[in-house]
Amino acid sequence: MQSKSIFMIILFLVSIQNNFSQDQDLPPLVTVKQVDLKKYTGLWYEIAKIPNSFQDQCAYGTTAEYKIDEDGDVIVTNKCYDEEGKLDVAEGLAKVVDKKTNAKLEVSFVSFLGIRPFWGDYWIIGLDKNYQWAAIGTPSRKYGWILSRTPTLSDPTMESIFEILKSQHYNPDSFEMSAQKK
């Protein structure tokens, strides 16, 4: 394993500790009513994110690909390129924690001998009816992502997504746009 990847995992583990608590002054985060995981699978482009330490190496071209395995778990493959154009790949596993909606998942990118000791929240809080974009959040509001099936979204679509984020007590100004090309 490359030292950069090990460093990324360590940073993720340190930062994930803050992901499990919700700010007591905020109302609970609300997910979408229902997610069809089969429709959700496939390639997503990162349009924007709240900056975080475990993605510091990502300069452009950030994507997430989701596949359902035979156990019904979701295999996650995140990719991005660093400033020198080197591909960085992180593979993980997502488990549905709310089977009624499929909108609350936990994701792990760390496995020791097949055991995954660290999990982070991945809640789908906004979703296009045709699964063309998604807004992802965590109860703490420390992390957030906007994903799309295409490398860009129109300004009106972004405005709609930011309205959803505001209604969930996220500050849209906390999000930075993600470059898809260098």
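1. How many cavities of 30 Å³ or more does a search of the whole structure find? The search finds three. A cavity is a set of points on a 1 Å grid, over the protein atoms alone, where a 1.4 Å probe fits but cannot get out. Points are joined across faces, edges and corners, and a volume is the space filled by probe spheres set on them.

2. The model is predicted: local features need pLDDT of at least 70, side-chain atom pairs count only at pLDDT 80 or more, and totals for chains, interfaces and linings use all residues. Residues are numbered from 1 along each chain as its sequence is written, and side-chain values use heavy atoms, leaving out hydrogens and water.

3. The second largest cavity has a volume of about 80 Å³. Its lining residues (an atom within 4 Å of a point) include L37, Y40, Y66, V107, Y122 and I124. Eleven are nonpolar, one is polar and none is charged. Here Ala, Val, Leu, Ile, Met, Phe, Trp, Tyr, Cys and Pro count as nonpolar, Asp, Glu, Lys and Arg as charged, the others as polar.

4. The largest nonpolar core has 26 residues. Such a core joins buried Ala, Val, Leu, Ile, Met, Phe, Trp, Tyr and Cys residues through side-chain atoms within 4.5 Å; buried means under 20% relative accessible area with a 1.4 Å probe, protein chains only. V35, Y40, Y66, Y122, I124 and L127 have the most contacts inside it. Apart from it lies another core, of 16 residues, W123 and I146 among them.

5. Y122 touches Y40, Y66, L105, V107 and L147, among others, not counting residues up to four places away in sequence. Contact means heavy atoms within 4.5 Å.

6. Of the 182 residues, 50% count as buried.

How values were computed
On a 1 Å grid over the protein atoms alone, a cavity is a set of points where a 1.4 Å probe fits but cannot get out, and a pocket is an open set with protein on both sides within 12 Å along at least five of seven lines; lining residues have an atom within 4 Å of a point.
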